[in-house]
Amino acid sequence: MTVRPILAAALVALLPGCASAQVAPAAATAPVAAASFRDRLPADETIYFVLPDRFANGDPANDRGGLTGDRLVTGFDPTAKGFYHGGDLKGLTEKLPYLQNLGITAIWFAPIFQNKPVQGPKGDESAGYHGYWVTDFTRPDPHFGSPSEFKVFVDDAHARGMKVYMDIITNHTADVIKYADGEANGYRYRSRGDYPYSRKGGLGGAPINAGFAGDANSSAANFAELTDPAYAYTPVVPAREKDVKRPAWLNDPIYYHNRGDSTFTGESSRFGDFAGLDDLFTEHPRVRSGMIEIYGKWIEDYGVDGFRIDTARHVDPGFWREFVPAMQARAAARGIPNFAIFGEVYKDVPDNGYIAQYTRRDGLPAVLDFAFQAAVREVLGRGKGTYVLNDLFDGDVLYEGGEPAARNLPTFLGNHDMGRFAMMVKADMPDISDDDLLARTLLAHAMLLTLRGAPVIYYGDEQGFVGTGGDQLAREDMFPSRTAIYNDNPLIGTASTTAEANFDESHPLFRQIGALSRLRQAHPALRTGKQIVRHYEQEPGVFAVSRFDPVDGTEYLVVFNTTAAPRKANIVVGTDVLSLQTLAGNCPASSAAPGSATVSLPAFGWAVCRARETVQ
């Protein structure tokens with residue numbers, strides 16, 4: 001059942017978390033100064049992640065990418081979830097005021113590089129609307145627009161004080177390379193032990209690459225001895241695609257692993273083809289220098305502010321130890337002092353130990369905080385106690401740089417691969433009502449926007465999109481959709497469907513996200529301030545943290561109730577806190593005793609309180 005307009009209005013007025021009830025008027029007054037946007041740290045940002053193809057269609061003339069033919073040629077079919085729908089850079093530029101009203105300070109968008117329009121086996125084809133099947137790394141895909149339109153988008157965003165983060169790929173290209181004996185073997189992964197670089201087609205084959213000392217030695221002299229790529233499979237490039245990749249060096253199979261499909265476990269995780277996509281030999285010095293040159297040019301030519309790195313765990317650590325410093329140097333030379341780099345290390349469990357290793361061994365400045373996402377789902381979808389959140393933040397010491405570095409991690413609730421947060425809660429609780437689902441989703445966003453990290457809003461979540469799964473089932477259109485499998489999905493907090501345009505700035509989720517985004521901007525403690533866990537419970541209940549102003553040390557108490565019933569708790573605060581000012585929710589006027597504050601919260605409620613008076 002979809003929430004009707006009267007009920008939606010009631011939710012805005014009554015539910016804890018809706019802007020009108022939760023955020024004090026004084027908190028919503030902090031514009032982001034365009035002149036100083038370059039100086040902001042990653043933790044200062046409120047990020048919006050969007051697939052340009054599914055957001056806004058500013059120019060229908062480019063819907064087919066300049067190609068002529070049916071959907072298997074052009075990739076365009078707005079009725080099919082796996083094809084281009086028409087969104088583009090011009091549409092994204094036109095909607096910048098909408099994003100600014102949402103409180104967004106940085107825009108991260110799925111790759112816009114030129115893609116192979118369509119790929120996949122006969123009868124199961126789909127299009128590169130998502131941007132991850134790159135053939136030309138040097139220009140935007142014509143489906144999205146021209147280089148000049150990308151420049152207009154970046155310049156307009158910067159003029160509004162909004163940063164621009166590109167989604168980049170370094171470990172694979174589109175599926176172009178075939179294997180002479182691949183189909184007969186199901187493109188099964190062939191290991192380095194069974195198929196060493198020194199034998200053609202396996203242990204029984206003729207000697208090749210005699211002087212090659214293996215992939216652990218990434219020197220130019222060593223890789224000069226790797227001349228034959230047919231050690232596992234024999235790579236074959238179809239004649240019609242022999243020059244399709246740009247820069248041109250990418251067309252040579254010697255720069256790919258050519259070992260068959262990854263199983264996403266063990267050795268194959270780094271050396272196998274990602275779902276058939278051509279896996280780059282990232283240990284090769286030419287691949288490293290080539291990728292540095294490719295992405296350095298995007299920084300130099302357009303002044304982008306950061307990179308989200310796709311499939312970062314499928315790349316060897318040595319690549320990142322060269323790539324990251326090179327990008328930081330290019331950015332610094334371009335006048336970008338706080339260039340953001342964060343890698344995707346997919347792991348859907350609330351354990352930050354696994355993802356933290358990529359900040360230590362690999363040298364990535366930050367990773368997407370999958371552990372945060374999993375912890376919030378455990379607490380709000382699976383009925384776990386709030387101790388899960390405490391355990392998560394206890395692990396912040398594991399990141400390179402410790403707890404201060406963890407404050408720069410991009411946090412999120414759902415995405416284009418795993419699906420939307422509301423969908424996950426609905427999967428965990430099949431009988432949940434729309435009202436309950438909306439309340440939990442509002443609370444999740446309150447956690448996202450007030451706890452440590454740089455919050456990432458997945459496009460459409462602010463309009464109550466739910467979806468029915470991950471991947472293509474979580475990539476709905478914001479403009480009026482013609483895709484039946486999207487249009488029959490109920491949304492939360494609205495009577496609309498995806499068959500209509502969904503840019504409603506009165507939606508309860510839009511209003512809450514906007515209000516809390518402005519609250520973050522008004523109070524540095526909620527962006528870059530130190531965080532200390534103050535209260536947690538073994539069952540669903542109250543969770544609280546204090547955050548501290550990075551300049552004057554003022555304490556902010558942030559409290560959440562993860563249950564469907566009102567809760568009260570006595571929360572530890574600094575002994576010098578005498579009274580509290582309400583910034584969101586309902587805060588006690590004064591502490592109960594030195595070192596303790598009694599906070600009462602409604603079902604799924606939260607409060608943000610600032611210490612107003614302290615003992616000198």
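**Note on the predicted model**

1. Start with Cys-609. Its relative accessibility is 0%, so Cys-609 counts as buried. Keep in mind that this is a predicted model.

2. Cys-609 has a partner. Cys-587 and Cys-609 form a disulfide, with their sulfur atoms 2.0 Å apart. The disulfide count comes to one.

3. What does the bond connect? Cys-587 sits in the loop between strand S19 (577–584) and strand S20 (596–601), while Cys-609 belongs to strand S21 (residues 606–614), so the pair ties together parts that are 22 residues apart in sequence.

4. About the S-S bond of Cys-587 and Cys-609 it is about -90°, so the disulfide is left-handed.

5. Is Cys-587 buried or exposed? Its relative accessibility is 9%. The cut-off for buried is under 20%, so Cys-587 counts as buried.

6. Now the whole chain. The protein holds 19 helices and 21 strands. Buried residues make up 61% of its 616 residues.

7. On overall size, the radius of gyration is 25 Å. A compact globule of 616 residues would have one near 25 Å, so the two agree. The C-alpha trace spans about 80 × 50 × 50 Å along its principal axes.

8. Last, surface and charge. The accessible surface comes to about 21,400 Å², and carbon and sulfur atoms own 53% of it. The protein has 59 positive and 74 negative charges, and their mean positions are 1 Å apart.

Conventions. Residues numbered from 1 in each chain as written. Predicted model: local features only at pLDDT ≥ 70, side-chain atom pairs only at ≥ 80, totals over all residues. Heavy atoms only, no water. Helix = DSSP H or I, 4+ residues; strand = E, 2+ residues; numbered from the N terminus. Rg over C-alpha atoms; globule rule 2.2 N^0.38 Å. Buried < 20%, exposed > 50% of the residue type's maximum accessible area, 1.4 Å probe, protein only. Areas by Shrake-Rupley, 256 points an atom, 1.4 Å probe, with all protein chains shown as cover. Lys, Arg positive; Asp, Glu negative; His and termini not counted. Charge placed at Lys NZ, Arg CZ, Asp CG, Glu CD. Disulfide = S-S within 2.5 Å.
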